[in-house]
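Please load the model in your viewer and keep the selection panel at hand. The tour below moves from one selection to the next and says what is to be found at each stop.

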Amino acid sequence: QVHVVESGGGLVQPGGSLRLSCVVSGSIFPINAMGWYRQSPGKERELVAAHTSCGSTNYAEAVKGRFTISRDYAKNTVYLQMNSLKPEDTAVYYCNLDISATTLSSGGSYWGQGTQVTVSS
């Protein structure tokens, strides 16, 4: 069983900052990547940032230079530091865990329940 739990969302004024956390537990190895996605009303879920197990990161163009993804391997946790927030960053943010397939398991992609981020004055 795999558990993915996000925290850290909330209401923040434009220009402010928030840090999201995502803790994963259970049968989670080997991890291929962990990432953050977001979805706002009427839009499809989109990738915000991802961190692979070889240490590489990638970001959506809309958040480059403002958001930073990081990972604590010992704590099985991924963070998303969001600075200079804009109203258009308002969305439900979801953590994703991608587990590689092995000879013993099929791997899979797992999602958290989501955390609301609202940027408004």
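In which order do the four strands of the open sheet follow one another? The order is S1-S3-S8-S7, and the pairing in this open sheet is antiparallel. Before going further, note that this is a predicted model, in which local features need pLDDT of at least 70 and side-chain atom pairs count only at pLDDT 80 or more, while totals for chains, interfaces and linings use all residues. Residues are numbered from 1 along each chain as its sequence is written, and side-chain values use heavy atoms, with hydrogens and water left out. Strands are DSSP runs (E, at least two residues), numbered from the N terminus, and two of them pair if DSSP finds at least two bridges between them.

Select residues 2–7 and then 67–72, which are strand S1 and strand S7, the edge strands, each pairing on one side only. Neighbouring strands of this sheet are turned by 15° against each other on average, direction ignored; the axes behind this angle are lines fitted to C-alpha atoms, and angles run from 0 to 180 degrees between N-to-C directions.

**The cysteines**

The link is left-handed, with -80° about the S-S bond, and the structure holds one disulfide. Cys22 counts as buried at 0% relative accessibility, where buried means under 20% relative accessible area, exposed over 50% and partly exposed in between, with a 1.4 Å probe and protein chains only. Cys95 is likewise buried, with a relative accessible area of 0%.

Cys54 is exposed, with a relative accessible area of 69%.

Finally, select Asn76, in the loop between S7 and strand S8 (77–82). Asn76 is buried, with a relative accessible area of 19%. Leaving aside neighbours within four places in sequence, Asn76 is in contact (heavy atoms within 4.5 Å) with Cys22, Val23, Val24, Ile28, Phe29 and Met34.

Methods: Disulfide = S-S within 2.5 Å.
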